Amino acid sequence: MLDAAVAAIGSGLNQYPPGPGVPALLSAVAEHQSRFYGLATDPAREVLVTVGATEAIAATVLALVRPGDEVVTFEPYYDSYAATIALAGGVRRTSVLRFPDFAVDEESLRAAFSARTRVVLLNSPHNPTGKVFTREELELVASLAVEHDAWVVTDEVYEHLTFDGAEHVPLATLPGMRERTLTISSAGKTFSTTGWKVGWVSGPAEAVAAVRAVKQFLTYVGSGPFQHAVAVGLGLGDEVYAGLASSLQAKRDRLVSGLRAAGMEVSVPQGTYFVIADAAPLGASDAVTFCHELPERAGVVGVPVSVFHDDADAARTLVRFAFCKEDEVLDEACRRLAALRTG
């Protein structure tokens, strides 16, 4: 795939690509959805290439949400969700996923829906928790979306980074949901090419057209030569997809073991490349303060989970760590964190 990017640049494919995306990538996305999930997708009308998944999320929310409309999402949530909902004039309604299992609370989720619900914004596998939503949880989300006649927007950028046999179920594959679901993903996480910023959204043609109408006034187009390379990447064999997930699972296990040895309670993620741990045994009473001090105290960086929350108390001492690092870096980080406990 890297060679394909070099070849695309060298052959002169460096001008504006077509607005919806280069045909090869549109076809590759459609074929990917069919290959992995059995979703029939028209590449000409039901796929739009974006500048990463972040733009896809922003353009989709801006296309669907009117001022005063409510958007249901789970917290903790990826930070761009709150920003784009606010840009659209929407109202954020949340249901909290709680440490350590981050299971969906049905009563809380039902309470988040109302007559003003316009969109459900769902991220699975989930950043920052590493949770992979179960089929039963997705069926609950789907039933509430149907009941309230809401669109569902799914952020599935970690779709191929799942562990221990956890099944990623695209919500669009559930009965009756393809017609009301816009599915977002990207090449960045799957192929370790986050700097290329190549994402896409797929779904019903009229909804994709609405997203395209917004996207053209955001970035217009982007990532021209890299689109050709990602088309090659999406067609690679199953062993490529499985290999990255297997490698990351080993790194997950390494970091989880190290954090536990350092005295922290850890939620073992089923996907992504993040681990959430409770820093209270290391003396933290507030993760924001702890994470601000952590680089100086230990030369380690973490992210306080409370910054992904409306209800900061639900994650007061929780910290997100990343394991997409070399093994020796993970081992050294855990050694330094353990020293905080004994120092």
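Predicted model: local features only at pLDDT ≥ 70, side-chain atom pairs only at ≥ 80, totals over all residues.
Helices (H or I, at least four residues) and strands (E, at least two) are DSSP runs numbered from the N terminus. Local features need pLDDT of at least 70 and side-chain atom pairs count only at pLDDT 80 or more, whereas totals for chains, interfaces and linings use all residues. Residues are numbered from 1 along each chain as its sequence is written, and side-chain values use heavy atoms, with hydrogens and water left out.

Helix 2 comprises 15 residues (23-37) and should span 21 Å at 1.5 Å a residue, which agrees with the 21 Å between its end C-alpha atoms; the expected span is 1.5 Å times one less than the number of residues.

Axes are lines fitted to C-alpha atoms, for helices over the stretch in contact, and angles run from 0 to 180 degrees between N-to-C directions. Helix 1 contributes Ala4, Ala5, Ala8 and Ile9 to the contact, and helix 8 contributes Pro225, Phe226, His228, Ala229 and Val232.

An open sheet is formed by four strands in the order 8-9-11-10, with antiparallel pairing; two strands pair if DSSP finds at least two bridges between them. Strand 8 (265-267) and strand 10 (303-304) are the edge strands, each pairing on one side only. Three bridges link strand 8 to strand 9 (residues 274-278), and Glu265 stands opposite Asp278 of strand 9. Helix 9 packs on the sheet, touching strand 8, strand 9 and strand 11 (318-322), and its direction makes about 10 degrees with that of strand 9.

Strand 9 pairs with strand 11 over five bridges, and Asp278 stands opposite Leu318 in strand 11. Strand 10 and strand 11 are joined by two bridges, Val319 of strand 11 being the bridge partner of Pro304. Strand 11 is largely enclosed by the rest of the structure, because four of its five residues are buried. Helix 10 (residues 287-298) lies across strand 10 and strand 11, at about 40 degrees to strand 11.

Conventions
Contact = heavy atoms within 4.5 Å. Buried < 20%, exposed > 50% of the residue type's maximum accessible area, 1.4 Å probe, protein only.
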